[in-house]
Amino acid sequence: MNAPTGFARAVCPHDCPDTCAMRVTVEDGRAVKVTGDPDHPPTQGVLCTKVSRYAERVHHPRRLTQPMKRVGRKGEGRFEPIGWDEAVAIAAAKLGEIARRAPEAIVPYSYAGTMGLVQGDSIAQRFFHKLGASRLDRAICASAGAAGLRYTYGASVGMHTEYFAESEVILIWGANPIASNLHLWTRVQEAKRNGATVIAIDPYRSLTAEKCQQHIALKPGTDAALALGIMHVLIVEDRLDHAYIAAHTQGFDGLKARALTYTPARVAAICGIDEQTVVDLARLYASTRKSAIRMNYGMQRVRGGGNAVRAIACLPALTGAWRERSGGALLSSSGWSPADVNALQRPDLMPGWPSKLPRVINMNQIGDALTHEGDAAFGPKIEAIVVYNSNPVAVAPDSAKVAAGFARDDLFTIVLEQFQTDTADYADLLLPATTQLEHLDIHKSYGHTHVMVNLPAIAPVGGALPNTEIFRRIARGMQLTEPALFESDDEVASRAFRWDDPALEGVDWPTLKAQGWAKLKIADAPFANGGFPTTTGKCEFYSDALAKSGLDPLPDYLPPYESADHAPELAARYPLAMISPPARNFLNTTFVNVESLRATEGEPHLDLHPSDAADRGVADGDEVRVFNDRGSLRARARVTERAREGLVVGLSIWWKKLAPDGRNANQVTSQALTDLGGSATFYDCLVEVERA
Ligand SMILES: Nc1nc2c(c(=O)[nH]1)N[C@H]1C(S)=C(S)[C@@H](COP(=O)(O)OP(=O)(O)OC[C@H]3O[C@@H](n4cnc5c(=O)[nH]c(N)nc54)[C@H](O)[C@@H]3O)O[C@H]1N2
Ligand SMILES: Nc1nc2c(c(=O)[nH]1)N[C@H]1C(S)=C(S)[C@@H](COP(=O)(O)OP(=O)(O)OC[C@H]3O[C@@H](n4cnc5c(=O)[nH]c(N)nc54)[C@H](O)[C@@H]3O)O[C@H]1N2
Ligand code: SF4
Ligand SMILES: [Mo]
């Protein structure tokens with residue numbers, strides 16, 4: 001235990017770029033309060049509202065504290081408690097039987113319930129690799145953007161958050177930091193006080209957009225066109241850093257030819273904004289090298305998401321903004337951390353390694369996968385699914401199909417959870433997992449450049465166990481003998497990073513454990529002299545790797561699947577574009593069951609523009625039905641200009657069973673995948689709305 005009484009040091013485990021350092025106040029073995037650590041530079045002593053309530057969640061009366069087996073119908077959520085020995089025996093027998101016959105019929109399903117490298121994907125991955133289970137493409141969130149960055153910069157790397165405070169122009173592009181990246185917003189406000197111009201590029205007037213000097217409300221999924229339009233202006237007005245382009249980029253001539261086809265007039269028509277807005281934005285952007293772009297994942301949840309990130313990522317290399325530490329772009333900083341994924345996850349344990357590996361299931365298509373009968377192309381029908389760190393019945397797209405899959409009587413489902421979520425209701429075995437205050441972990445961050453350690457502050461609540469220990473027990477129950485499956489959490493954490501990496505100079509596992517965190521050694525202006533982590537060392541406007549895969553080697557605008565440009569017939573029936581970005585008081589579906597936070601969000605809302613509301617006879621406060629061919633949900637209408645014309649917004653992600661109609665936004669979202677990275681297209685979704 002870190003500290004039975006007094007302060008303990010922890011790390012916020014949630015899927016959030018800020019990765020805050022927390023102090024936990026413990027009294028009589030109970031966590032009574034968590035606060036932001038004032039000594040940790042990115043945290044600056046502040047936690048967001050929802051995680052300030054973390055102790056409430058840890059000791060919540062409905063925490064799962066003992067293993068349970070299903071007694072009711074699937075989805076009904078009726079269980080009876082059993083002991084750990086019985087639970088492990090059931091899991092081991094069932095998984096063992098399937099693994100001997102058809103290992104790929106077992107599918108693990110996990111995401112970022114915790115971002116910890118130990119409780120996230122270490123022993124669990126090793127276990128599934130050893131069995132030869134299907135692999136999961138964990139692409140529900142960030143993989144289009146990650147691919148966009150990889151093909152342009154070589155990795156998920158960018159500016160340090162700290163230096164946004166010194167920027168003179170800041171574009172908040174497809175991001176809503178007040179809700180989902182609070183500590184960056186603090187830096188942006190500092191910059192604003194020093195005279196910076198801050199512009200939001202977002203179809204929705206988010207909490208952040210309303211606080212910026214300008215809000216450019218483009219149509220969803222049109223960001224690549226806007227970026228190409230900015231390039232057009234930079235080129236024709238010669239606002240380029242020719243020396244930077246010559247020395248540190250590849251493929252300028254091709255990019256130039258492409259950008260010249262995106263005149264401001266064409267871009268204005270695609271994006272649904274004024275021509276002058278495009279020109280002014282480009283001029284402002286190029287007026288200083290201290291121009292910073294904060295992208296977040298909002299913009300890449302559409303068909304052309306990968307290309308959009310790629311196009312935007314090219315901008316700072318054109319103006320030479322990378323020469324300044326307060327210039328450049330940041331989508332994710334996760335690539336700076338020397339995480340040792342192979343040591344953590346041991347892909348070499350897979351039968352057939354390295355050439356003939358088990359099939360891959362994209363987690364965004366779990367609805368189709370679970371309802372597939374199996375054939376030569378798909379492989380065996382799925383017989384067992386093991387869910388941890390995720391709530392697919394609520395978060396995965398095309399939810400009716402997902403729920404139908406989980407409802408299959410011939411599917412064996414294990415769910416490791418802290419709470420009885422929508423997914424837990426479908427479990428055959430529901431196993432209680434510890435929270436961050438009860439287990440050890442090690443973290444990198446995708447928003448800052450520190451690595452961090454979380455030590456347990458309290459003993460596990462009730463009979464809860466860490467994910468790692470649950471998988472160790474099931475492995476032992478299956479008589480597996482591979483030593484990697486039985487390493488302790490401390491041993492796993494000690495392998496999480498390549499400690500000899502120059503970024504970790506002077507830091508090893510014992511030091512990090514003692515200190516709590518360490519800042520990675522990365523240059524202040526990392527690409528001032530090029531040195532991108534691509535094979536060419538350049539910022540790749542033109543990507544040889546994309547060309548080799550038969551894809552467009554240059555960034556381009558791809559209209560959303562569900563748009564008048566791409567699917568006019570569909571757009572005639574379903575004329576409204578729906579997005580369902582994060583609600584401020586939830587973190588995906590985590591915290592929806594914390595009463596105080598749910599009360600703040602109220603009930604599921606749908607924001608729609610006054611003209612769209614008038615066309616449908618919808619008044620503010622009416623109950624509306626949102627629908628398309630995939631399904632429908634109900635919500636309370638808020639008639640507001642926050643949503644641009646043609647756009648409806650349902651802040652998310654509600655637990656279905658805590659919504660009045662038992663449904664959420666994913667009833668209408670689709671399983672289609674992005675251009676690059678196989679990501680989900682949650683915000684590429686046409687609907688119609690009517691009064692309920
Ligand atoms: N409070 C809170 N914080 C969170 C989360 C949460 O649920 N709640 N979720 C966490 C997770 S998992 C993630 S991935 C991040 C997500 O954090 P963000 O990437 O910031 O996520 P989004 O809210 O999806 O998108 C941000 C903004 O993009 C806008 N947007 C939607 N479509 C488009 C588009 O086509 N173009 C442009 N330019 N903008 C668009 C949305 O209106 C929204 O205001 O936040 C994390 N932090
Ligand atoms: N409509 C719509 N859908 C979306 C999005 C959207 O913007 N709109 N956003 C998408 C995005 S960006 C993401 S990242 C996904 C997020 O999807 P998920 O990663 O599934 O996120 P959560 O809903 O927060 O569910 C995480 C679950 O993990 C559990 N958990 C936390 N820690 C632990 C642990 O240590 N052990 C175990 N066993 N369980 C733990 C929590 O209790 C919680 O129920 O949702 C996606 N779905
Ligand atoms: S959710 Fe984000 S902002 Fe809130 S405490 Fe966690 S890391 Fe910090
Ligand atoms: Mo995410």
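Here are some exercises on this predicted model, each with a worked solution.

Residues are numbered from 1 along each chain as its sequence is written, and chains are lettered from A and ligands numbered from 1 in the order in which they are written. In this predicted model local features need pLDDT of at least 70 and side-chain atom pairs count only at pLDDT 80 or more, while totals for chains, interfaces and linings use all residues; side-chain values use heavy atoms, with hydrogens and water left out.

**Exercise 1. Aromatic pairs**

Solution, step by step:

- Start with the rule: rings of Phe, Tyr and Trp (its six-membered ring) pair if their centres lie within 6.5 Å, and planes under 30 degrees apart count as stacked, over 60 as edge-to-face and the rest as tilted.
- By this rule there are 17 aromatic pairs.
- Now place them, using helices (H or I, at least four residues) and strands (E, at least two) as DSSP runs numbered from the N terminus. Phe 128 belongs to helix H4 (residues 123-131) and Phe 471 to helix H18 (residues 467-477), so the pair ties together parts that are 343 residues apart in sequence.
- Finally, check burial: buried means under 20% relative accessible area, exposed over 50% and partly exposed in between (1.4 Å probe, protein chains only). Both Phe 128 and Phe 471 are buried.

**Exercise 2. A ring cluster**

Task: which residues do ring pairs link into a cluster with Trp 322?

Solution, step by step:

- Begin with Trp 322 and Phe 532, an edge-to-face pair with 6.2 Å centre to centre and 80° between the planes.
- Trp 322 lies in the loop between helix H13 (305-319) and strand S13 (328-330), and Phe 532 in the loop between strand S20 (517-519) and strand S21 (539-540), so the pair ties together parts that are 210 residues apart in sequence.
- Trp 322 and Phe 532 are both buried.
- The cluster consists of Tyr 153, Trp 322, Trp 336, Phe 527 and Phe 532.

**Exercise 3. The hairpin of S2 and S3**

Task: how many bridges join S2 to strand S3, and what is the phi of Asp 28?

Solution, step by step:

- Two strands pair if DSSP finds at least two bridges between them.
- S2 and strand S3 (residues 30-36) run antiparallel and are joined by six bridges.
- Within this pairing, Val 24 stands opposite Val 34 in S3.
- The hairpin has two residues between the strands, and Asp 28 takes a positive phi near 50°.
- Five of the seven residues of strand S2 (residues 21-27) are buried, so S2 is largely enclosed by the rest of the structure.

**Exercise 4. Polar contacts of ligand 2**

Task: which side chains put a polar atom 2.9 Å from an atom of ligand 2?

Solution, step by step:

- An N or O atom in the side chain of Asn 467 is 2.9 Å from a nitrogen atom of ligand 2.
- A polar side-chain atom of Tyr 683 is 2.9 Å from an oxygen atom of ligand 2.
- For Thr 589, a polar side-chain atom lies 2.4 Å from an oxygen atom of ligand 2.

Technical notes:
Polar contact = N/O pair within 3.5 Å; in protein donor to acceptor, adjacent residues only side chain to side chain.
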